[in-house]
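This report walks through one structure, one topic at a time. Please look at the sequence and the model before reading on.

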Amino acid sequence: MTYATDRLHEEIAYVAYHFHWNLEAILDLEHHDRRQYTEQIASFVTRSEAED
């Protein structure tokens, strides 16, 4: 099974935007690890919006 290119680009942009990591560092992550980071970021964003 291949991972959709559009989805990969979304994850890269999301992590890069929030954590300011470069492309190489993000691409070095295993798929599972990258997904965990995107989920954690989403949790931070959701929590922050709820506090406003």
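## The crossing of two helices

The crossing of α1 and α3 is left-handed, a term used if the near helix is turned anticlockwise from the far one by less than a right angle, and right-handed if clockwise. The axes of these helices, lines fitted to C-alpha atoms over the stretch in contact, with angles from 0 to 180 degrees between N-to-C directions, come within 10 Å and cross at roughly 55°. That makes α1 oblique to α3, because angles under 35 degrees count as roughly parallel, over 145 as roughly antiparallel, 65 to 115 as roughly perpendicular and the rest as oblique.

Residues of α1, including R7, Y14 and F19, meet residues of α3, among them R34, T38 and I41, where contact means heavy atoms within 4.5 Å.

## The two sides of α3

R34, T38 and I41 are the buried residues of α3, buried being under 20% relative accessible area, exposed over 50% and partly exposed in between (1.4 Å probe, protein chains only). The three cover an arc of only 60° around the axis, which puts them on the same side of α3, the arc being that of the directions from the helix axis to the C-beta atoms. On the other side of α3, H32, T46, A50 and E51 are exposed.

## How the model was read

This is a predicted model, in which local features need pLDDT of at least 70 and side-chain atom pairs count only at pLDDT 80 or more, while totals for chains, interfaces and linings use all residues. Residues are numbered from 1 along each chain as its sequence is written, and side-chain values use heavy atoms, with hydrogens and water left out.

Notes
Helices (H or I, at least four residues) and strands (E, at least two) are DSSP runs, numbered from the N terminus.
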